[in-house]
Amino acid sequence: MTKKLITFLLMNLGAFFVAVNVHFFLSPNNLATGGVSGMSIVLNSLFPGISIGLFMIFVNIVLFILGVIFLGFQFGAKTIYTSFALSGYVWLLELVAPVTAPLSDDILIQLIIGQCIAAIGMGIVFHQRASTGGTDIIAMILNKYIKVEIGRAVLFSDLAVALSSSLLFGAQAGMYAFFGVILNGLMIDYTLQQFNANKEVVIISQKSALIRAFIVGELGRGATIHTAKGAFNYEQKEVITTILGRKDLSRLKNYIGKQDEKAFITVHNMNEILGQNFKRLA
């Protein structure tokens with residue numbers, strides 16, 4: 001129950017961060033950087049009597065109906081909840097903290113700050129094995145019927161929204177929107193890397209027994225032992241491989257430095273780790 005509560009709170013926090021970007025940074029500057037929020041900003045310019053938050057709710061409903069028709073019910077409960085939570089938070093912010101003008105005359109700095117906030121929110125949501133829906137559904141439909149890769153389909157749909165904004169709001173707003181789509185993708189990737197900031201550590205040392213005991217006993221982490229031969233003299237050596245976070249890696253390096261100054265260590269960044277004590281496979 002505690003894990004489920006934490007997941008629920010984090011999903012709402014992530015959705016709220018994305019809503020902050022939409023309400024305070026994108027909407028006042030007419031920056032439609034893709035997704036349901038971008039569609040809603042475009043629709044709001046055509047029908048200003050309806051708020052962006054309400055448009056987001058309506059667009060999400062339409063997309064989910066299309067998804068069920070063309071794909072079947074393949075959407076997780078988390079994604080359904082998060083997509084409507086995002087729409088609800090945008091609507092709530094419009095009621096509680098209305099914005100009538102951009103926060104600054106500098107559109108670029110607003111775009112960068114807003115997209116960074118949104119990327120943190122999206123990273124939190126993705127880390128909970130959910131998404132904010134929207135253009136993901138369009139991407140899955142394109143992938144099923146015309147065999148376009150999902151990542152490319154998401155990019156195409158977001159760029160289409162950005163193009164429509166240039167037709168409505170002018171070339172400058174369109175170019176900023178295009179830049180926002182690219183920036184958002186880069187920032188989400190970077191944020192997810194920080195959530196998964198584990199390192200694969202490979203150690204060759206004459207004191208491998210002590211190092212193995214430290215990893216298992218002091219750090220409480222697992223390790224794999226391989227037997228290898230040196231290329232020069234064919235001497236047999238133990239190779240220890242383990243996965244550690246930054247804090248544990250620092251402790252391990254300090255310990256190895258005290259035990260064996262001639263130890264050989266390589267450290268590799270890991271984009272994703274599945275199974276056992278890490279992310280679930282399903």
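## Where helix 2 meets helix 3

Let's start with a pair of neighbouring segments. On the helix 2 side, Val-36, Ser-37, Met-39, Ser-40, Ile-41, Leu-43 and Asn-44 make contact with Ile-52, Phe-55, Met-56, Val-59, Asn-60 and Leu-63 of helix 3. Please keep in mind that the model is a predicted one.

## Geometry of the pair

Two packed helices are described by the angle between their axes and the distance between the axes. Here, the axes of helix 2 and helix 3 come within 9 Å and cross at roughly 120°. The crossing of helix 2 past helix 3 is right-handed.

## The largest nonpolar core

In soluble globular proteins, nonpolar side chains tend to be buried together. In this model, the largest nonpolar core has 31 residues, and the members touching the most others are Leu-26, Ile-52, Met-56, Leu-86 and Val-90. At least two residues of this core come from each of helix 1 (2-26), helix 2 (35-46), helix 3 (52-71), helix 4 (77-96), helix 5 (107-127) and helix 6 (135-146). Helix 1 gives the largest share, seven residues.

Beyond its neighbours within four places in sequence, Leu-26 is in contact with Asn-21, Leu-31, Thr-33, Ile-41, Leu-111 and Gln-115.

## A second core

There is also a separate core of 13 residues, with Val-201, Leu-244, Tyr-255 and Ala-263 among them.

Conventions:
Residues are numbered from 1 along each chain as its sequence is written. This is a predicted model: local features need pLDDT of at least 70, side-chain atom pairs count only at pLDDT 80 or more; totals for chains, interfaces and linings use all residues. Side-chain values use heavy atoms; hydrogens and water are left out. A nonpolar core is a set of buried Ala, Val, Leu, Ile, Met, Phe, Trp, Tyr and Cys residues joined through side-chain atoms within 4.5 Å. Buried means under 20% relative accessible area, exposed over 50%, partly exposed in between (1.4 Å probe, protein chains only). Helices (H or I, at least four residues) and strands (E, at least two) are DSSP runs, numbered from the N terminus. Contact means heavy atoms within 4.5 Å. Axes are lines fitted to C-alpha atoms, for helices over the stretch in contact, and angles run from 0 to 180 degrees between N-to-C directions. A crossing is left-handed if the near helix is turned anticlockwise from the far one by less than a right angle, and right-handed if clockwise.
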